[in-house]
Amino acid sequence: MSHCMRDWLWIVAFATLLTFSVPWFLWGTSTVVAGLPVWLWWHIGWLGAAAAVFALFTRTDWDRMMGVDDGVGVGRGEKP
C-alpha cells in the first residue's frame with residue numbers, strides 16, 4: 001500500500017475516533033446496563049478503541065509520520 005493511501009487511512013481512523021468521542025446521540029438517555037448508564041459504556045468502549053488504534057499507529061507509522069529518522073533516537077546507545 002502506498003504511503004499516501006496509508007496516510008489517508010490514518011486520517012480517516014483518527015477523524016472517526018474524534019467524531020464519536022462525545023456520544024451526542026445518547027444525551028438524555030437514562031438507560032442502565034449492568035448497573036452503569038449506557039453513555040458510560042460507550043465511553044469505556046471508545047477508550048478501548050482509541051487505545052487500540054493509537055497502539056497500532058505507534059507500531060506501524062509513527063516514525064514516518066512524525067518525521068523521525070530510522071535508527072536515530074534515545075534508547076539505541078546514542079545521546080539525545
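This is a predicted model: local features need pLDDT of at least 70, side-chain atom pairs count only at pLDDT 80 or more; totals for chains, interfaces and linings use all residues.
A search of the whole structure finds seven aromatic pairs. Rings of Phe, Tyr and Trp (its six-membered ring) pair if their centres lie within 6.5 Å; planes under 30 degrees apart count as stacked, over 60 as edge-to-face and the rest as tilted.

Residues are numbered from 1 along each chain as its sequence is written, and side-chain values use heavy atoms, with hydrogens and water left out.

**The chain**

The protein chain has three helices and two strands. Their pattern along the sequence is α-β-β-α-α. Helices (H or I, at least four residues) and strands (E, at least two) are DSSP runs, numbered from the N terminus. Of the 80 residues, 10% are buried. Buried means under 20% relative accessible area, exposed over 50%, and partly exposed in between (1.4 Å probe, protein chains only).

The accessible surface of the chain comes to about 6,300 Å². Carbon and sulfur atoms hold 70% of this surface. Areas come from the Shrake-Rupley method with a 1.4 Å probe; for residues, only the protein chains shown count as cover.

Phe20, Phe25 and Trp42 make a nonpolar surface patch of about 300 Å². Patches take residues with over 30% relative accessible area and no salt bridge; like charges are joined within 9 Å, nonpolar side chains (Val, Leu, Ile, Met, Phe, Trp, Tyr) within 5 Å. A salt bridge is a side-chain nitrogen of Lys or Arg within 4 Å of a carboxyl oxygen of Asp or Glu. Phe20 lies in the loop between H1 and S1.

| Residue | Relative accessible area | State |
|---|---|---|
| Phe20 | 39% | partly exposed |
| Phe25 | 49% | partly exposed |
| Trp42 | 30% | partly exposed |

H2 has 23 residues, which at 1.5 Å a residue should span 33 Å. Its end C-alpha atoms are 33 Å apart, which agrees. The expected span is 1.5 Å times one less than the number of residues. In H2, Trp46, Ala50 and Phe57 are buried. Ring pairs also link Phe57 with Trp10, Phe14 and Phe54 into a cluster.
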